[in-house]
Amino acid sequence: MYVPKESQPKQGGAAAKGRDGEKGGKKKIVAQNKKARHDYAIIDTYEAGIVLTGTEVKSLRQGRTSLTDGFVQIDGGEAWLHNAHIPEYAQGTWTNHSARRKRKLLLHREEIDKLESKSQETGHTIVPLAVYFKDGRAKAEIALARGKKEYDKRQTLREKQDRRESDRAIAAAKRKQRGQ
């Protein structure tokens, strides 16, 4: 039986990848900087591409990296990721990379200008939040952030604990209601 081409299901493209027409596919998170969300109040987040060498990509695909000491600095109109630790690739030869070298971030000019002007204000900094693969390309989620004081950190922990307790109480009440 002949089926017209228009009514046949598509093999590839956005529908096959589950994107539902939106740009961007699945994320495979390699590393997150949970300490940054604790130590800083996040003002705005950006997605940036990372310029990497071959052995860095292979090491990232093994899921080995650390962002705890990382920060972003704007030099000469370009964004650079400093102190992000991507260990040397085990099977690498003389082509291996240094673990803590600075890496260029790919952002739009307007985003770089905005980040540069905001980061020069007192108390503001740019921190990496996560490194992940999106459609086979290495990306970094960076954030414009403001440092928290100790009492701010305690306040956010208290709010998180209160929210968790209220969610538990609501869930327990729902379970009790269903049991009757």
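This is a predicted model: local features need pLDDT of at least 70, side-chain atom pairs count only at pLDDT 80 or more; totals for chains, interfaces and linings use all residues.
Local features were taken only where pLDDT is at least 70 and side-chain atom pairs only at pLDDT 80 or more, whereas totals for chains, interfaces and linings use all residues. Residues are numbered from 1 along each chain as its sequence is written, and side-chain values use heavy atoms, with hydrogens and water left out.

The protein chain contains five helices and seven strands; helices (H or I, at least four residues) and strands (E, at least two) are DSSP runs, numbered from the N terminus. Along the sequence these elements follow the pattern α-β-α-β-α-β-β-β-α-β-β-α. Of the 180 residues of the chain, 31% count as buried, where buried means under 20% relative accessible area, exposed over 50%, and partly exposed in between (1.4 Å probe, protein chains only). The accessible surface of the chain comes to about 12400 Å², and carbon and sulfur atoms account for 48% of it. These areas come from the Shrake-Rupley method with a 1.4 Å probe; for residues, only the protein chains shown count as cover. Among contacts (heavy atoms within 4.5 Å) between residues at least 6 apart in sequence, 67% join residues at least 24 apart.

The seven strands form an open sheet in the order S1-S6-S7-S2-S5-S4-S3, with antiparallel pairing; two strands pair if DSSP finds at least two bridges between them. Strand S1 (27-32) and strand S3 (71-75) are the edge strands, each pairing on one side only. Neighbouring strands of the sheet are turned by 40° against each other on average, direction ignored. Axes are lines fitted to C-alpha atoms, for helices over the stretch in contact, and angles run from 0 to 180 degrees between N-to-C directions.

Within this sheet, strand S2 (residues 40-50) is joined to S7 by nine bridges, and the two run antiparallel. Glutamate 47 stands opposite glutamate 141 in S7. S2 also pairs with S5, in the antiparallel sense, over two bridges; here glycine 49 has leucine 106 of S5 as its bridge partner.

Thr55, Glu56, Ser59 and Leu60 of H3 are buried. Seen down the axis of H3, these buried residues fall within an arc of 140°, so they line one face of the helix; the arc is that of the directions from the helix axis to the C-beta atoms. The cover over the buried residues of H3 includes S1, S5, S6 and S7. Glycine 63, which follows H3, has a positive phi, near 80°.

Another helix, H2 (residues 34-39), holds aspartate 39. Aspartate 39 is buried, at 19% relative accessible area, and touches Gly147, Lys148 and Lys153, not counting residues up to four places away in sequence.

Side chains of opposite charge can pair when their charged atoms come close. A search of the whole structure finds four salt bridges, each defined as a side-chain nitrogen of Lys or Arg within 4 Å of a carboxyl oxygen of Asp or Glu. One of the four joins aspartate 44 to lysine 114, with the closest N and O atoms 3.5 Å apart. Aspartate 44 lies in strand S2 and lysine 114 in helix H4 (residues 109-119), so the pair ties together parts that are 70 residues apart in sequence. Aspartate 44 is partly exposed at 26% relative accessibility, and lysine 114 is partly exposed at 39%.

Glutamate 47 forms a salt bridge with lysine 134, the closest N and O atoms being 3.3 Å apart. Because glutamate 47 lies in strand S2 and lysine 134 in strand S6, this pair ties together parts that are 87 residues apart in sequence. Glutamate 47 is partly exposed, with a relative accessible area of 33%, whereas lysine 134 is buried at 16%.

A further salt bridge links lysine 104 and glutamate 78, with the closest N and O atoms 3.1 Å apart. Lysine 104 is in strand S5 and glutamate 78 in strand S4, 26 residues apart. Lysine 104 is partly exposed at 27% relative accessible area, and glutamate 78 is partly exposed at 29%.
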